[in-house]
Amino acid sequence: MADRAMTEQAFFILTALVGEPRHGYGIVSEVADLSDRRVDLRVGTLYGVLGRLVDDGLVELDREEPHQGRLRRYYRITEQGRDALAAEAARQAANARTATRRLRAHRPAGAGGAA
């Protein structure tokens, strides 16, 4: 992950795993809630991103549980994953502050609203 930018899907998957391990459907549901339904994870996308996060050491398998004749895999965030998520959240917050300052400084003449 260090050599490439964190995608929005990876950001929300890591965020969904803070606090408790989740299985695939649980991750999809939590990401939808956290993103106000903006991020719609498809199964193929979920497991592709999860595989990269596992390869990068940011997520690991927590356990497997039988469910309706199949095994459900639960994933948890690692300490390295928490550090990467915290760094990405700080980066995004800094970017938002920069954009907000610039927008306030270059408000078009006649534009209303509170600054």
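Predicted model: local features only at pLDDT ≥ 70, side-chain atom pairs only at ≥ 80, totals over all residues.
Local features need pLDDT of at least 70 and side-chain atom pairs 80 or more, while totals for chains, interfaces and linings use all residues. Residues are numbered from 1 along each chain, and side-chain values use heavy atoms, with hydrogens and water left out.

Let's start with α3, residues 43-55; helices here are DSSP runs of H or I with at least four residues, strands are E runs of at least two, and both are numbered from the N terminus. From first C-alpha to last, α3 reaches 18 Å, close to the 18 Å expected at 1.5 Å a residue (that is, 1.5 Å times one less than the number of residues). Its buried residues (under 20% relative accessible area, 1.4 Å probe, protein chains only; exposed is over 50%, partly exposed in between) are L46, V49, L50 and L53. They sit on the same side of α3, because they span an arc of only 105 degrees around the axis, taken from the directions from the helix axis to the C-beta atoms. The face turned away carries exposed G44 and D55. After α3 comes G57, with a positive phi near 80 degrees.

Now for the charges. Count a salt bridge as a Lys or Arg side-chain nitrogen within 4 Å of an Asp or Glu carboxyl oxygen, and you get 11. One pairs R38 with E8 at 3.0 Å, N to O; R38 is in the loop between α2 and α3 and E8 in helix α1, so this pair ties together parts 30 residues apart in sequence. R38 is exposed at 57%, E8 partly exposed at 41%. Elsewhere, E60, D62, R63, E65 and R76 are linked in a salt-bridge network.
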